[in-house]
Amino acid sequence: MSKQPEPITALYCRLSQEDAREGESNSIQNQRAILAKYAKENGFRNAQFYVDDGWSGVVFDRPGFLSMMEGVKNGTVKTIIVKDHSRLGRNRLVIGTLLEEDFERYGVRYIAIMDNIDSDKGLSDLVPMQDLFNEWHAKNTSQKVKSVMLSKGNAGIPLTTTIPFGYKKNPDGSKYWVVDEPAAKVVRRIFALCMDGYGPTQIAKILYRDQVPTPGEYWRGVGRKAGAAIPERPCQWATESVQHILGRMEYLGHTVNFRTHVKSFKNKRKVLNDPSEWKIFENTHEPIVDRSVWERVQELRKNKRRNTKIGKTSLFSGLLECADCGAKLYFCTSSVYTDESQDHFVCSHYRSNTGSCTAHFIRDIVLFDLVLAHLQQVLHYVRNYEDVFVQTMRKKSVEEQTQAIVEKRRTLERNGRRIAELDSLFRKAFEENAAGRISDERYLKLAAAYESEQGVLQRESVRLESELAEERQAAEDIDRFLSLVRSYTEIDTLSPTILHEFIEKIVVHAPDRSSGKRKQKVEIFYRFIGIFDLPDGDEMVEILRERRQRKLAEQPKTA
Ligand SMILES: [Zn+2]
């Protein structure tokens, strides 16, 4: 004789993070105690707890709740008891449907102890009111949280609850992060690998090969809560994690807020904001990655390099551009010859006979020697004649430059004052005219004159502002190039990192055979400074002479 299994009395507890902040009374432990006592004293048998710890009442995909509803639907759960009604949820529509349709349909008795609700005694009129109140509470907390977030976010305090890999909470309690050195090392390595020409998938493989723990594992190891699931194999990095790390601006030392928003207090799913809505606060914490490396990595990620069929790549892939059509040059290698000197590039718009461009053929090995030699000379020159270099880059001497900047600033100030003055003259003329003290004709003449003078001044100011901005940028670019040069002692060969740090692009011209010999122009665009022509012999003599004179002039005169 089979016996019907005894129905379950579900004792449901829920605690959200906001509830937890409000104190002990709603703690899971407290809820459990109340529910157990109530079930025992009122003769409810086969009691079973369903618990959702850390879940908001406005979402309904809570695991404990779902498993309890499973029981409701398959008929095993016949009674649901909660401490108070809001434990079940804080969305009036969903709760209403649950009470009025689902529970009734499945014959479930529902009890909310503190609110004095028992569906067996008829749902009181209080319930809809209670639901309204619960929803209002949720909305209110969500708005409170939102406005706190908004003011924090606008003040540049990091909003994200998951601190990026490489950083950790400041042990001194400050709201800004500090570098987590072991993790930061991995971040730096990922950027370095990318500079070396490896893509995210290859980087993930290298990290796995070297058994570098993933962020999730690393955090578990140091006792930080990690949301990510444990991968099947430890150290198995996902391509996406690597991509994510390579794109994070936080590694520059910046805080990025308002990257996502939550749709509404009922739908907690995060939606990505348009980057124009992001707020970036610079230098809020110590950077992990150098700015020039970070920027270069972003560029590299934009134009990913393609390998040839046999998987061979060139250092120069992606860097070469056709001088005539602007297309990229692509790498050609032979699987038959092992002779690397045959590896070469041609314009990607060129096909023998067809195609819209000529070959622009250049050998890989030729490029290598040429670029290495040029780079070595530039480095040597910049190191030994830094002052001359800065001067030629700025076209004028630093003193002349400074003088010009001062002059421009003065003109701008003067213009600003005159523009304001004209405004008030204009107003005055208007009033005089209105009062009948000057004729309409005179007024119109004056107004036209003021307006045209103001127009001229405004246009001039706009031009000066942009010139000053350009000069500032140029000075900054030269500084960045100098610090890049200083970061290398000697360069005796080319690596992908060196190339990507120094060189923006290389423009390859079509060969010129007019002299009877094959001549080919190649322009190297350095990062920050563009094309740099090294001085020839005569220019060098001149530079040295000027320099000696300046040194003499600077020497303190002794009486
Ligand atoms: Zn071309």
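**Close-up 1. Contacts between helices α7 and α10 in the predicted model.** In this predicted model, V187, I190, F191 and C194 of α7 meet V242, I245 and L246 of α10, where a contact requires that the C-beta atoms of two residues, placed from the backbone, lie within 7 Å. Helices here are DSSP runs of H or I with at least four residues, strands are runs of E with at least two, and both are numbered from the N terminus. The two helices α7 and α10 pack at an angle of about 90 degrees, with their axes 10 Å apart, the axes being lines fitted to C-alpha atoms over the stretch in contact and the angles running from 0 to 180 degrees between N-to-C directions. That makes α7 roughly perpendicular to α10, given that angles of 65 to 115 degrees count as roughly perpendicular, those under 35 as roughly parallel, those over 145 as roughly antiparallel and the rest as oblique. Residues are numbered from 1 along each chain as its sequence is written. Local features need pLDDT of at least 70 and side-chain atom pairs count only at pLDDT 80 or more, whereas totals for chains, interfaces and linings use all residues.

**Close-up 2. The buried face of helix α8.** Within α8, which spans residues 200-209, P200, I203, A204 and L207 are buried; a residue is buried if 20 or more other C-beta atoms lie within 10 Å of its own, exposed if 12 or fewer do, and partly exposed in between, with C-beta atoms placed from the backbone. Seen down the axis of α8, these buried residues fall within an arc of 100 degrees, so they line one face of the helix, the arc being that of the directions from the helix axis to the C-beta atoms. The cover over the buried residues of α8 includes α7 (181-195) and α10 (239-247). Just after α8, Q211 takes a positive phi of about 55 degrees.

Close-up 3. Leaving aside residues up to four places away in sequence, A10 touches Q48, Y50, M68, G71, V77, T79 and I80.

**Close-up 4. The open sheet of four strands.** This open sheet has the strand order β12-β16-β17-β18, with mixed pairing, and two strands pair if DSSP finds at least two bridges between them. β12 (320-322) and β18 stand at the edges, each with a single partner strand, so one side of each is left without a neighbour in the sheet. Three bridges join β12 to β16 in parallel, and the bridge partner of L320 in β16 is I506.

Close-up 5. Strands β16 (residues 503-508) and β17 (residues 522-526) run antiparallel and are joined by five bridges, with K505 standing opposite F525 in β17. Two bridges join β17 to β18 (residues 530-531), again antiparallel, and Y526 stands opposite G530 in β18. The hairpin of β17 and β18 has three residues between the strands, and F528 takes a positive phi near 70 degrees there.
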